[in-house]
Amino acid sequence: ALLALMDRLNLPNFLAAGHSMGGYVLFAMHRLAPGRLTGTALVSTRATADSEETKKTREATAQRVEKEGHGFLVETFPEKVFGAGPAPDQLEAARSLIRTASSAGVAAACRAMASRPDCSPQLGRMPGRTVVVAGRQDKLVPPAESEAMARAIPGAQMFWAERSGHMPMMEEPEVVTKALQALVRPTA
């Protein structure tokens, strides 16, 4: 769908940024049309597929959401995505985002993430203009995994959000801004 949108916008090549599941979307776009992406920003994401345990957890979450709705995530999920001591407004912003989701969408997202392939083999073919942004306090994507992903992408630049968890764009937006600037305006 995103590639079709780029066609309608007459954008044969483009830079793209993806946070978390958005990174999974970028990997899929790269598999489908590798020449279209001229650069990527991979923010708090991973190339590896889910472990069997994580797949089971995602399916259990999807089933619970289908049965009860996704309201329980409003209280449980925000605490998992921030580094130490998130500001109350950050927690409320995350809760607000969850409230706007649909239960069907949340269940489908859980299953889509669980079924994604291991994208590690394509890292060596990612666009040369790639930035990887990761939070040192990320509880969902271990920092070592982010660092290994960046090392596997030729020419990738690593940007660390030292005080952030999984949401560096909310916790340390200046780090994400700097990374996006490096992607859009690379230095000679």
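Biologist: What percentage of the contacts with a separation of 6 or more in the protein chain comes from residues 24 or more positions apart?

Modeller: This is a predicted model: local features need pLDDT of at least 70, side-chain atom pairs count only at pLDDT 80 or more, and totals for chains, interfaces and linings use all residues. Residues are numbered from 1 along each chain as its sequence is written, and side-chain values use heavy atoms, leaving out hydrogens and water. Contact means heavy atoms within 4.5 Å. Of the contacts with a separation of 6 or more, residues 24 or more positions apart account for 73%.

Biologist: How many helices and strands does the protein chain have?

Modeller: Helices (H or I, at least four residues) and strands (E, at least two) are DSSP runs, numbered from the N terminus. The totals are 10 helices and four strands.

Biologist: Which residue does R116 meet in a salt bridge?

Modeller: A salt bridge is a side-chain nitrogen of Lys or Arg within 4 Å of a carboxyl oxygen of Asp or Glu. R116 is buried, at 9% relative accessible area. R116 lies in the loop between α7 and β3, and its partner in the loop between β2 and α3, so the pair ties together parts 66 residues apart in sequence. At 2.9 Å, N to O, that partner is D50.

Biologist: Which residue forms a salt bridge with E59?

Modeller: E59 is partly exposed, at 28% relative accessible area. E59 sits in helix α3 and its partner in helix α7, so the pair ties together parts 52 residues apart in sequence. The closest N and O atoms are 2.9 Å apart, and the partner is R111.

Biologist: How many residues apart in helix α3 are R64 and E68?

Modeller: Their side chains meet in a salt bridge (3.0 Å, N to O). R64 is partly exposed, at 38% relative accessible area, whereas E68 is exposed, at 52%. They are separated by about one helical turn, because their spacing in helix α3 is four residues.

Definitions and conventions:
Buried means under 20% relative accessible area, exposed over 50%, partly exposed in between (1.4 Å probe, protein chains only).
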